[in-house]
Amino acid sequence: MTPATLVLWLLALAVLLSGARLGWRVSTKSLPAGTAAIRVFGQCLVAGLLWFALFPPPVTAPANPLVVLAPGAHDLPPLRPGEVRVALPGAMPGADIERMPDLGTALRRYPASDSVRVHGHGLPARDHDAAAGLPLAFEPTPLPAGLQSLAMPTSAVQGQAFSVRGRVQGLAGGTVELHDPRGETLATASPGDDGDFVLSAQAGPAGPTAFGLRWLDAEGRLLGEETLPLDVTGPARPRLLALAGGPGPELKYLRRWAVDAGLDLHTVIDLGGGVQLGDRPLPVNAATLAEFDLVLLDERAWRQLGPGGRDRLRDAVRDGLGLLLRITGRLGADDLATLRAWGVMLEDSDAVRSLRWPLAQDADAAAAANNPAPVLSRRPLHLSATDGRALHLAPDGAALVAWRNEGRGRVGATILSDSYRLWLSGRRAAHGQLWATTVQTLARARGEGSTAAPAPAWAGERTMLCGLSDGDSVTAPDGSRTALAIDPASGAAACAGYWPAQLGVHQINRGETTLPLLVRDPDAYPAMIAAQRQAATKGLAAQAPAVEPAPHQQPGPRWPWWLAWLLASGALWFHERRPRSA
């Protein structure tokens with residue numbers, strides 16, 4: 001039962017009881033019937049007017065768009081017929097405008113608003129939920145000069161390259177520089193017309209490292225600088241298992257390279273008849289394969305595994321293990337069919353059986369000056385992979401190493417059978433580069449799967465953290481911990497909102513791993529805050545329903561009904577209190 005219906009029944013009951021009392025007085029001759037009839041009519045009139053005063057009939061009202069002045073608004077946009085104008089905190093301070101603490105309050109203050117028109121840099125994050133689903137128009141104002149966006153990884157592996165991307169407004173003819181902790185310039189870029197820049201550098205020693213970003217005008221004057229914290233981790237050392245059906249120089253010098261590179265290489269060479277060389281034999285089962293990141297085997301070891309061993313190997317690859325098949329001899333029809341089932345295509349080819357390794361890939365330039373690149377051999381096969389790609393190419397464009405994804409792991413094959421000649425010719429760097437790239441591409445990916453923290457996060461503003469699990473939390477710089485409540489509406493993204501109150505590096509605790517979240521002071525980055533709000537509000541406007549504001553029904557004015565009720569109540573009171581004639 002609605003409130004209006006409940007009040008209607010109470011008023012009807014009151015009139016009914018009053019009418020019964022008047023009827024009793026008429027029956028006892030204490031009240032004339034005409035007077036009683038007038039009073040019953042008056043009480044019905046007063047009750048009806050009271051109900052309409054409380055619940056006035058709806059009337060058709062014109063569209064009433066809401067004009068919202070957001071931070072960054074520098075002037076008052078002209079109002080169109082029916083529009084109402086309000087200002088959010090930070091918009092045009094000192095101006096004589098009705099101010100609201102947030103958009104939700106403004107919409108509750110003006111419930112008849114059919115649409116919203118935002119003027120300024122955009123809506124803060126706290127107002128996005130209130131604006132979702134509303135017809136929204138956005139009139140952006142020019143962004144301030146300065147650093148508008150910045151993106152870089154939170155961590156990097158020692159010796160690997162990383163990139164810093166961003167945008168600086170108002171830097172025509174200027175430059176952006178990336179510096180190491182000692183102040184030495186690592187990279188320089190001249191932003192384009194849109195202000196975008198990309199800087200790349202190589203991560204140095206392991207440990208927390210504070211890089212520096214500076215932007216200068218055309219005359220070299222410093223306009224701004226920013227500290228870029230980067231957590232440099234030691235390089236992962238893949239664990240390799242090499243299975244071979246016989247000894248050879250290729251495997252010998254591969255072992256030498258692995259030792260020099262500090263890799264853990266376990267080699268088992270099966271000579272047949274139960275005779276094995278190298279390291280201690282290992283059973284090829286799930287437990288053994290889980291201890292390694294990459295398995296290298298030739299076609300003879302491939303055959304010796306048998307169907308059962310290859311099935312166990314494939315299960316391990318689908319769980320993340322890498323596999324490289326070295327083709328050093330002839331393959332039968334059964335071998336080719338089995339490899340096709342793995343997605344590795346090997347076919348007879350008329351390709352040249354020898355090649356010179358390109359000098360462009362020879363890191364030993366001094367040795368190459370007086371010593372030509374050696375002639376290497378490859379099997380007379382055409383190598384490709386379904387849904388895969390080539391890793392190393394011969395000068396004629398034929399694939400020497402190809403690979404493809406298999407579940408969470410990768411499967412590759414190589415028809416280059418004597419890369420050791422690079423080592424013997426004095427080109428150890430080229431030999432190491434060849435195998436380092438192959439191992440890095442195919443080996444089990446360790447430490448991946450963590451999502452990068454949003455950058456930057458702002459103190460006092462909501463930031464969304466996704467890819468979470470139940471029980472995840474955030475630890476603030478002072479050690480306080482905040483549990484993250486996953487929003488069911490985020491679905492598989494598993495996102496939660498977090499409002500950081502402290503500046504500095506917070507730690508996102510995801511199971512047994514942590515991820516840094518840098519929280520900055522929004523007052524120190526006006527250009528970046530404005531650019532982010534503008535981009536987010538443009539996204540809201542693009543997703544807003546294209547609905548033209550239309551007339552709608554709303555409760556009518558109450559004051560006429562209250563006035564009529566007051567007059568009718570006064571007349572009824574006067575009639576009941578007037579003296580009766582003798």
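Mentor: Happy to! Leaving aside its neighbours within four places in sequence, glutamine 43 is in contact with Val15, Ser18, Gly19, Leu22, Leu572 and Glu576 (contact means heavy atoms within 4.5 Å). This is a predicted model, where local features need pLDDT of at least 70 and side-chain atom pairs count only at pLDDT 80 or more, while totals for chains, interfaces and linings use all residues. Residues are numbered from 1 along each chain as its sequence is written, and side-chain values use heavy atoms, with hydrogens and water left out.

Where does glutamine 43 sit? Its place is in helix α2, residues 33-54 (helices are DSSP runs of H or I with at least four residues, strands are runs of E with at least two, and both are numbered from the N terminus). Glutamine 43 has a relative accessibility of 14%, so it counts as buried (buried is under 20% relative accessible area, exposed is over 50%, and partly exposed is in between, using a 1.4 Å probe and protein chains only).

Now look at the helix next to it. Helix α1, residues 3-27, packs against α2 at an angle of about 170°, and their axes are 10 Å apart (axes are lines fitted to C-alpha atoms, for helices over the stretch in contact, and angles run from 0 to 180 degrees between N-to-C directions). That makes α1 roughly antiparallel to α2 (under 35 degrees is roughly parallel, over 145 roughly antiparallel, 65 to 115 roughly perpendicular, and the rest oblique). On the α1 side, the residues making this contact include Val15, Ser18, Gly19 and Leu22, which are also among the contacts of glutamine 43. On the α2 side, Gln43 takes part, as do Val40, Cys44, Ala47 and Trp51, among others.

Follow Trp51 next. Trp51, Phe52, Phe55 and Trp561 form one aromatic cluster. The structure holds nine aromatic pairs (rings of Phe, Tyr and Trp, for Trp the six-membered one, pair if their centres lie within 6.5 Å; planes under 30 degrees apart are stacked, over 60 edge-to-face, and the rest tilted). One of these pairs joins tryptophan 51 and phenylalanine 55: it is tilted, with 5.8 Å from centre to centre and 45° between the planes. While glutamine 43 is buried at 14%, phenylalanine 55 is partly exposed, with a relative accessible area of 27%.
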